[in-house]
Amino acid sequence: MRVSREQMAENRERILETAATLFRERGFDGVGVADVMKAVGLTHGGFYGHFASKDDLAAQALGRAFVHSGQWAAEAKAAEPQAPLQAIVDRYLSPSHRDDAGHGCPVAALGCDVARQGAAARLAATEGVRAAITGLSAIAPGATADERRSSAIASYATLVGALVLSRMVDDEALSDEILAAAKAELRPAQE
């Protein structure tokens, strides 16, 4: 039975969305092609009609995760137009973001994994990080473009580092303390 072009496109989108979530939850090595296809409800054999390899899927899913992060940041900024950077900081360093790696920041979930991936995944990550820095630069403090960019990079690094640490520890009180300390540290840079 042939699948229509529309169904193929829909299946591809479901595969990308599912892979983006699973990779952020379990890492690239913790998810196989069969896992993704099973989660989508398709056969393993159908995978190669959509992607050349698992590496191809990883790169495209990572790109998709960065798109979602950009949308997430835009929503946070829109919700608090008077204090957009604070809105991003508060949302990013929240227990709900910490507890939902599968739908959160791809850098915090996959940063170390991406460093061991192929060129396509590294390129997707580089483009995603550049976009995030550009977005933060537009709302970061500083008198010049260079100062705002430097502030955006430092803020981004602090956000990611704090989220990674908060997920890593098995003590919820310490995890919450890490998130709160990073929020407090970023607050003066915004005033």
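Trainee: Which residues of α7 are buried?

Mentor: Ala121, Ala124, Ala125, Gly128, Ile133, Leu136 and Ser137 are buried in α7. Buried means under 20% relative accessible area, exposed means over 50%, and partly exposed lies in between, with a 1.4 Å probe and protein chains only. This is a predicted model, where local features need pLDDT of at least 70, side-chain atom pairs count only at pLDDT 80 or more, and totals for chains, interfaces and linings use all residues. Residues are numbered from 1 along each chain as its sequence is written, and side-chain values use heavy atoms, leaving out hydrogens and water.

Trainee: What do the buried residues of α7 pack against?

Mentor: They pack against α3 (54–79), α4 (84–92), α6 (106–114) and α8 (145–168). Contact means heavy atoms within 4.5 Å.

Trainee: How do you know that the span of α7 agrees with its 19 residues?

Mentor: The expected span is 1.5 Å times one less than the number of residues. For residues 119–137 that should give 27 Å, and the end C-alpha atoms are 26 Å apart, so the two agree. Helices are DSSP runs of H or I, at least four residues long; strands are runs of E, at least two; both are numbered from the N terminus.

Trainee: Which residues are buried in α2?

Mentor: Val33, Val36, Met37 and Val40 are buried in α2, residues 33–40. They cover an arc of only 95° around the axis, so they lie on the same side of α2. The arc is that of the directions from the helix axis to the C-beta atoms. An α-helix has 3.6 residues a turn, so residues three or four places apart point the same way. The buried residues of α2 pack against α1 (5–26) and α3. Just after α2, glycine 41 takes a positive phi of about 90°.

Trainee: Why is the pair of phenylalanine 47 and tyrosine 48 called edge-to-face?

Mentor: Rings of Phe, Tyr and Trp (its six-membered ring) pair if their centres lie within 6.5 Å; planes under 30 degrees apart are stacked, over 60 edge-to-face, and the rest tilted. The structure holds 4 aromatic pairs. In this one the centres are 4.9 Å apart and the planes are at 85°, so the pair is edge-to-face. Ring pairs link Phe47, Tyr48 and Phe51 into a cluster.

Trainee: What makes phenylalanine 47 count as buried?

Mentor: Its relative accessible area is 0%, so phenylalanine 47 is buried.
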